[in-house]
Amino acid sequence: ASPANESTPFHPKSPYATAKSTVYWMVKNYREAYNISACSGILFSHESSLRPETFVTQKIIREAIEISRGNSQELRLGNIDIVRDWGWAPEYVEAMYLIMQQEESDDFVVPTGKSHSLKEFLSCAFSYFDLHWEEYVSIDESLYRPSDIKINRGNPSKVKEVLGWEAKLTLEDIVFEMIEEKLNRYQ
């Protein structure tokens with residue numbers, strides 16, 4: 001699939017995505033119909049240790065820590081072949097700030113432009129502890145989503161050209177930051 005940009009049509013696959021696209025259209029409508037200053041940032045997956053435990057990335061981080069400590073033996077996951085454009089939330093906040101500083105309101109896709117599989121995310125998390133994820137992960141098909149995007153990738157061209165913003169952290173950097181923040185909270 002081609003990387004999504006500001007002109008890519010929406011095709012939401014969840015109630016959450018549907019709500020986000022509704023908000024996008026409301027902002028656009030108010031900007032155009034009432035000439036108000038309103039902008040949208042279409043942010044791709046942005047991670048931090050503040051994500052709720054229900055997110056798969058937090059589940060992976062938590063279980064990698066527990067397995068490394070001998071407190072757990074198995075991590076059950078659904079589809080690990082999904083591919084996402086994961087970024088670091090604090091960097092995305094910088095992009096949001098820059099979007100709001102523009103004289104003319106506009107909409108911006110905010111991705112890293114690089115996509116990685118959940119397998120790669122797993123590999124980074126377990127490698128932090130010198131472990132091999134394949135020894136601990138089991139696939140549970142009941143955890144598959146009924147409809148899911150297989151590959152999620154964004155095109156950061158506009159946000160880079162107009163705002164001078166680009167993601168700096170790699171997937172490994174992001175995963176290691178999440179682990180270190182979680183370890184600091186455990187202490």
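A polar contact of 2.8 Å joins the side chains of S72 and E63; a polar contact is a pair of N or O atoms within 3.5 Å, where within protein one must be able to donate a hydrogen and the other to accept it, and residues adjacent in sequence count only if both atoms are side-chain atoms. This is a predicted model: local features need pLDDT of at least 70, side-chain atom pairs count only at pLDDT 80 or more, and totals for chains, interfaces and linings use all residues. Residues are numbered from 1 along each chain as its sequence is written, and side-chain values use heavy atoms, with hydrogens and water left out.

**Around S72**

- S72 sits in the loop between α2 (56-68) and β3 (75-77). Helices (H or I, at least four residues) and strands (E, at least two) are DSSP runs, numbered from the N terminus.
- S72 has 13% relative accessibility and counts as buried. Buried means under 20% relative accessible area, exposed over 50%, and partly exposed in between (1.4 Å probe, protein chains only).
- Setting aside residues up to four places away in sequence, S72 touches E63, E66 and I67. Contact means heavy atoms within 4.5 Å.

**Around T112**

- The loop between β6 (107-110) and β7 (116-117) holds T112.
- T112 counts as buried, at 14% relative accessibility.
- Its side chain makes a polar contact of 2.4 Å with the side chain of D85.
- T112 touches D85, W86, G87, Y92, P156 and A167, again not counting residues up to four places away in sequence.

**Around N5**

- N5 belongs to the segment before α1 (15-34).
- With a relative accessible area of 27%, N5 is partly exposed.
- The side chain of N5 reaches the backbone nitrogen of S7 at 2.8 Å.
- Residues up to four places away in sequence aside, N5 touches V109 and N155.
- N5 and R84 are 79 residues apart in sequence; in space they are 15 Å apart, C-alpha to C-alpha.

**Helices α4 and α6**

- Helix α4 covers residues 118-127 and helix α6 covers residues 171-186. Their axes come within 9 Å and cross at roughly 50 degrees. Axes are lines fitted to C-alpha atoms, for helices over the stretch in contact, and angles run from 0 to 180 degrees between N-to-C directions.
- α4 and α6 are therefore oblique to each other. Angles under 35 degrees count as roughly parallel, over 145 as roughly antiparallel, 65 to 115 as roughly perpendicular and the rest as oblique.
- The α4 and α6 crossing is right-handed. A crossing is right-handed if the near helix is turned clockwise from the far one by less than a right angle, and left-handed if anticlockwise.
- From α4, the contact uses E120, F121, C124, A125 and S127. From α6, it uses L171, E172, V175, F176, M178 and I179.
- By class, this contact has eight nonpolar, one polar and two charged residues. Ala, Val, Leu, Ile, Met, Phe, Trp, Tyr, Cys and Pro count as nonpolar, Asp, Glu, Lys and Arg as charged, and the others, Gly among them, as polar.

**Positive phi**

- Most residues other than glycine have a negative phi.
- N35 is not a glycine, yet has a positive phi of about 55 degrees. N35 lies in the loop between α1 and β1 (40-43). N35 is exposed, with a relative accessible area of 71%.
- D130 is not a glycine either, and has a positive phi of about 55 degrees. D130 is found in the loop between α4 and β8 (137-139). D130 counts as exposed at 71% relative accessibility.
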